Amino acid sequence: MKTQIAVLVGAFLLLAAWPWIGSSYGMDLVNKIMIYALLALSLEVLVGGTGLICFGQAAFFGIGAYAAVKFTPSTGEAPSLLVALPISIGLAGLYALAVGALSLRTQGVYFIMVTLAFAQMAYYVVHDTPLGGGTDGIYLYAKPALGSWLDLDKPLAIYGFTLASLTAVFVLLAIMRRGQFGRALDGIRVNELRMRATGFSTYPYKLAAFTLSGAIAGWAGFLFAVKDGFVNPELLSWHLSGTVLIMIILGGMGHLRGAVMGAFAFTLLEELFRSEAVFGSLSKHWHLGLGLFIILSVALLPKGLAGLPRQIRERLAGKLLGTHHIPADDAVRPQENT
Amino acid sequence: MNGASNTVLLRGHRLTRRWGGLVAVNEVDLELHRGEVHAVIGTNGAGKSTLINLLSGQFSPSSGRVELLDQDVSLWPQPRRARAGLGRSYQRNTIFGEFSGMENCRLSAQAAQQRPWRWWQSVTSQPDLMAIARNVAQRAGLADCIDRPAGLLSHGQKRQLEIAMCLATRPKVLLLDEPLAGMGAEETERMLVLLGDLKSDHAILLVEHDMDAVFRIADRITVMVNGSVIASGNPTEIRDNELVQSAYLGGH
């Protein structure tokens with residue numbers, strides 16, 4: 001537990017120091033990854049935290065991004081961060097509340113399909129109506145600021161604000177998991193039937209989790225729009241919803257750190273397989289390499305990257321005892337994991 | 001019947017459940033009194049588990065009424081009935097396998113005192129819930145293995161955990177679906193002592209196949225065949241009932 005926290009704090013400190021270590025390209029890349037990590041965290045609340053597999057997370061992300069652009073005055077005057085960010089979070093959360101209210105009445109594969117359908121609806125609204133500016137997307141007239149103190153137009157400022165957002169959400173979710181609300185969500189994930197028989201009205205709990213998740217995704221979308229100064233409908237596409245799911249699977253579901261690790265691993269792998277310097281002409285077919293790698297890692301790391309240290313420990317312990325390791329507590333996850 | 005009406009904690013009135021053409025439970029009347037163990041016996045498929053599901057609110061009845069503490073709860077969903085004092089256990093273990101025994105009990109205690117809006121407060125710093133969890137685990141005889149993952153407990157311990165989780169919600173009525181199934185002699189004995197203990201301040205419905213246990217502990221027995229009640233009375237009456245003898249008990 002203590003080493004875990006130490007490693008986490010170390011990782012966040014490294015991220016904080018990165019702008020002075022890496023190139024400007026590296027800084028932009030890590031900034032993008034941290035935004036994906038925030039989006040992955042939002043999905044982890046549902047998938048790993050509540051057992052709800054949502055296949056429409058990109059819609060909330062995209063709504064947060066479009067809200068950032070649409071509510072910026074075309075006069076070119078920088079909007080206040082204190083207004084712009086809550087609008088993005090609020091609208092994404094509101095849409096999640098509506099989608100959740102309907103989709104949470106279904107279960108299992110139907111839930112997956114309904115969340116996908118609602119996300120596709122949002123996608124086509126943005127894609128095919130004047131509201132969203134069509135396939136070309138829209139530019140952001142002016143980036144939000146906080147007085148003269150913080151101007152998100154500066155790369156270092158948006159990097160710092162992204163890191164602060166990611167840290168804040170990570171810490172708040174870690175605290176939430178240890179409390180009554182988080183534990184109830186965990187109970188719903190493991191055995192919803194029993195939760196209801198015990199006296200939990202599970203629907204409001206799930207709806208609260210869904211809304212929270214959408215709001216955090218909207219936050220990530222806001223950061224994405226501000227960083228790039230540009231939005232297009234692809235931000236709401238099902239490709240992104242699927243990518244985020246792969247991120248948390250790769251990182252290890254059931255762990256907050258898994259979501260962050262998955263976002264880093266996935267994006268860096270994508271960079272690697274696309275790099276012509278490494279793969280030459282094969283880099284044109286980077287999808288193939290990335291896909292094979294992900295299949296391999298899911299087969300070899302059933303608990304994701306977050307579960308890797310433990311997997312290694314158990315393997316070593318098995319070797320030392322001269323026996324094959326029996327995963328006695330395969331179905332068992334420790335209570336205190338963040 | 002005997003007993004003042006204020007001791008009737010749960011009443012099923014002409015409860016019926018149809019699945020298509022099949023009548024799983026047919027016009028069943030049932031009263032559970034505080035201080036009594038009311039056993040429901042019958043062959044497999046007689047509708048005993050369906051009856052528990054109707055009473056607890058997992059299914060809604062096709063017709064009929066359920067009254068809990070003199071209140072009509074027929075339209076209440078299951079969680080609300082549970083919070084009003086109706087605890088149930090399942091025939092097949094439905095514990096939270098990957099949580100510790102302690103967390104299983106604590107989460108159940110939380111159900112009766114939900115404060116999700118205090119999301120930042122760690123559950124380990126809520127001593128009331130921890131105390132209840134420890135207490136019910138001890139009552140059910142689980143004090144030694146409370147920290148182990150529930151999925152790794154023995155079958156008998158899982159059955160005990162089911163009961164402990166029920167008790168953690170501080171119910172007034174207990175609906176127990178075959179709590180003795182698959183238990184060894186020693187575990188059965190311990191469970192029967194516990195039920196006898198619980199009886200004084202609870203109304204208990206016991207669905208059970210172990211006839212020795214039923215006749216030892218039940219104050220009242222209802223016999224179901226094909227969804228209908230064919231007899232109801234005290235153990236002596238049931239033992240002497242010819243219809244029951246031929247339909248179910250055989251040489252018992």
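Modeller: Let us begin with B:R14, which is found in strand 1 (residues 8-19) of chain B. Please keep in mind throughout that this is a predicted model.

Biologist: What is the phi of B:R14?

Modeller: B:R14 has a positive phi of about 50°, although it is not a glycine. B:D70 also has a positive phi without being a glycine, with a value near 65°. B:D70 is placed in the loop between strand 4 (63-68) and strand 5 (71-72) of chain B. With 10 C-beta neighbours inside 10 Å, B:D70 counts as exposed.

Biologist: How is the packing of two helices described?

Modeller: Two packed helices are described by the angle between their axes and by the distance between those axes. In chain A, the axes of helix 3 (residues 57-70) and helix 4 (residues 81-103) come within 8 Å and cross at roughly 145°. Helix 3 of chain A passes helix 4 of chain A in a right-handed crossing.

Biologist: Which residues of helix 3 of chain A and helix 4 of chain A meet?

Modeller: Helix 3 of chain A contributes A:A59, A:F60, A:I63, A:G64, A:A67 and A:A68. The residues they meet in helix 4 of chain A include A:A84, A:I87, A:S88 and A:Y95. By class, this contact has 12 nonpolar, 2 polar and no charged residues.

Biologist: Which residues touch the most other members of the largest nonpolar core?

Modeller: That core has 165 residues, and A:A37, A:A40 and B:A164 touch the most other members. Domain 1 (1-85 + 172-252) and domain 2 (96-170) of chain B both give residues to this core, so it lies between them.

Biologist: What is A:A40 in contact with, leaving aside its neighbours within four places in sequence?

Modeller: A:A40 has its place in helix 2 (residues 24-50) of chain A. A residue is buried if 20 or more other C-beta atoms lie within 10 Å of its own; A:A40 is therefore buried, with 31. Leaving aside neighbours within four places in sequence, A:A40 is in contact with A:V244, A:M247, A:I248, A:A259, A:V260, A:G262 and A:A263.

Biologist: How should I compare separation in sequence with separation in space?

Modeller: One sets the number of residues along the chain beside the distance between C-alpha atoms. A:A209 and A:S42 are 167 residues apart in sequence and 9.6 Å apart in space, C-alpha to C-alpha. By contrast, the C-alpha atoms of A:T202 and A:G218 are separated by 24 Å, and these residues are 16 apart along the chain.

Biologist: Where are A:A209 and A:T202 found?

Modeller: A:A209 is found in helix 8 (residues 202-228) of chain A, and A:T202 also lies in helix 8 of chain A. A:A209 counts as buried, with 26 C-beta neighbours inside 10 Å, whereas A:T202 is partly exposed, with 18 other C-beta atoms within 10 Å. Not counting residues up to four places away in sequence, A:T202 touches A:I188, A:E192, A:M195 and A:R196.

Biologist: How many residues of chain B are in contact with chain A?

Modeller: To describe an interface, one lists what each side supplies. Here 33 residues of chain B are in contact with 25 residues of chain A. On the side of chain B that touches chain A, helix 3 of chain B gives the most, with 6 residues. The residues of this side divide into 14 nonpolar, 13 polar and 6 charged.

Biologist: How many residues are in contact between domain 1 of chain B and domain 2 of chain B?

Modeller: 10 residues of domain 1 of chain B are in contact with 12 residues of domain 2 of chain B. On the domain 1 side of this contact, helix 6 of chain B gives the most, with 3 residues. The centres of the two domains, taken over C-alpha atoms, are separated by 26 Å.

Key:
Residues numbered from 1 in each chain as written. Chains lettered and ligands numbered in written order. Predicted model: local features only at pLDDT ≥ 70, side-chain atom pairs only at ≥ 80, totals over all residues. Core = buried A, V, L, I, M, F, W, Y, C linked by C-beta atoms within 7 Å. Buried ≥ 20, exposed ≤ 12 C-beta atoms within 10 Å, placed from the backbone. Domains from an automatic or database assignment. Axes fitted to C-alpha atoms, helices over the stretch in contact; angles between N-to-C directions. Helix = DSSP H or I, 4+ residues; strand = E, 2+ residues; numbered from the N terminus. Left-handed = near helix turned anticlockwise from the far one by under 90°. Contact = placed C-beta atoms within 7 Å. Nonpolar A, V, L, I, M, F, W, Y, C, P; charged D, E, K, R; others polar.
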